[in-house]
Amino acid sequence: MDIPSDTPTPLPRPLLPTVAVVGLGTMGAGIAETLARAGREVIGIDISDAAAGRAVAAIEASTARAVERGRLTEEERRTVLARLRTFSDLRAAADAALVIEVVPESYETKRQVIRELDKIVAPGTILATGTNALSVTRLAADSAHPERVLGLHFFNPAPAMKLVEVVSSVLTSPRAVEAVTALARDLGKEPVAVGDRPGFVADGLLFGYLNQAAAMYESGYASRADIDAAMRLGCGLPMGPLALLDLIGIDTARTVLEAMYSASHDRLHAPAPVLGQLGAAGLTGRKAGRGFYTYAEPGSATAVPDALTPADGPGPVAGRAVGSVGVAGSGTMASGIAEVFAKAGYDVVLAARSPGKARDAKDRVAASLARSVAKGRLTEEARGEALARIRPAGTLDAFAGVDLAVEAVAEDLEVKRQLFGVLDKVCRPGAVLATTTSSLPVIACARATSRPQDVVGLHFFNPAPAMKLVEVVRTVLTADDVRATAHAVCARLRKHPVDCGDRAGFIVNALLFPYLNNAVKMVQEHYATPDDIDTAMKLGGGYPMGPFELLDVVGLDVSLAIERVLHREFRDPGLAPAPLLEHLVAAGCLGRKSGRGFRAHAAR
């Protein structure tokens, strides 16, 4: 008979129980904290005791915030801090089962660390580089044991971000990959296995987009605030691209882009000159106190007004009075825009090609308003008042007295030109004429009238009642008071207007669709799967949807059409639509609306 023992059963020893982190900057300190919170003994190493001390202070502050927010108990915090020991000598890593280097993004610096570690650690110790741009293969080739070298790319802030890219070279041992993949899962992360190329998945897509945003700003096409607001409000991103460059570090971003360009020779990866200029001036972002924005102090996240901050208050030119609005079209966008205007107190004429289609469009507004009432976002009284302000009409002649006419018909230039020709004849002198096009030239619509100075682009985003962004597109002929009118109307609609010029894609689509196209190229080249890419961008970039989820929602045919417009406008080979996208569209795989795109969807 077995006699129960009072001795407790020992807990299983965790995989890779002791981990050394070399380089205790922001990322290194975050990785050290993440490891300690997951029960690992952490050896933190930096070039000096003072540098190591700053890292410990940062971890103490971070864990104290976690206690305040109820994510750690005070006892757990003390245990976490007790697991961290810091040193200024690389030899402290001798007993580690895994060493993660997070030293500055320089081949020579990283090579030197790996060579020194070869002499210090046991032959079975895994060496991981935290690079987000440099070749893991090149770094491994300089090691005495290249099979144990791999990439382990965390995202900032490491304790919060769920993605970890596990990067294998052609030399990496499967055992090493399995061990760090299991560790990543034990840390509560989502590991994505990728091959060795600059930027890997997440940064490979992210930095091309950031670079284009920097180039857009440098060209004077749009202001820094408008570019950032457009991508936050139009795409649901947590940060605008220029603010994100400041957070990452402009010098770091330029290093990543240089590495990407040297491998791809794609002009979209050639660093925008402004990145070099800011870096050379020491204006490297938040850490320096100034980059694209100015901050309260070095390291601060608080942006403060500077010479580029727009002045508050109305502009120098007053807009025209707008009391009544005509919306032309009967589709989802037209009914959504009519709803937005009616809820804001405007009298709306909703005109379609026939009285029946106009009534159907108003019925769509009624259904949308009813859903808002059911969700508690609108009162029954407000619903009735908004609906009463909308008058359906089967002809554009009903626009004779409106102050603002908004077309929301099919994205076909000839159709829009013909409609603007009719509006020119029907609308009263002084009425503002607006197109909601997302990709076609506004000037072509304006030139179909005898008053191009009265024409402006008002690009609403779908669904119009929910999306806050409106791109105000001014042509070379648009009058100052027409632009001012557009801004005043957006303010009354409680939308956020951003100014941009009349060129393909405006702000959002010009930055969004090359990113989507590059994601398709990754799949086309068998570098990563749609699932891994979507996971990487949602968890590593904070995107609300992965690129392939978004492509299937937007429609592959719509996406292809926009990418062709961008390629035709800018003549950049890197903007040419990916052949895989063209093949899918030719095969009728258009996304959710056809039941199949990059993924299969249930029949609608």
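Analyst: Lys110 counts as buried, because its relative accessibility is 0%. Here buried means under 20% relative accessible area, exposed means over 50%, and partly exposed is in between (1.4 Å probe, protein chains only). This is a predicted model, in which local features need pLDDT of at least 70 and side-chain atom pairs count only at pLDDT 80 or more, while totals for chains, interfaces and linings use all residues. Residues are numbered from 1 along each chain as its sequence is written, and side-chain values use heavy atoms, with hydrogens and water left out.

The partner of Lys110 is Glu105: the two form a salt bridge whose closest N and O atoms are 3.6 Å apart. The term salt bridge stands for a side-chain nitrogen of Lys or Arg within 4 Å of a carboxyl oxygen of Asp or Glu. Side chains of opposite charge can pair when their charged atoms come close. Glu105 has a relative accessible area of 21%, so this residue is partly exposed.

Arg111 forms a salt bridge with Asp142, with 2.7 Å between the closest N and O atoms. Arg111 lies in helix α4 (residues 107-120) and Asp142 in the loop between α5 (136-141) and β6 (149-154), so this pair ties together parts that are 31 residues apart in sequence. Helices (H or I, at least four residues) and strands (E, at least two) are DSSP runs, numbered from the N terminus. Arg111 is buried because its relative accessible area is 18%, whereas Asp142, at 29%, is partly exposed. Both residues also belong to a network of salt bridges that links Glu108, Arg111, Arg115 and Asp142.

A further pair is Arg267 with Asp572, a salt bridge in which the closest N and O atoms are 4.0 Å apart. Arg267 sits in the loop between α10 (250-264) and α11 (273-280), and Asp572 in the loop between α21 (556-570) and α22 (579-586), so the pair ties together parts that are 305 residues apart in sequence. With a relative accessible area of 56%, Arg267 is exposed. Asp572, by contrast, is buried, with a value of 9%.

The pairs described here are among the 31 salt bridges that the structure holds.
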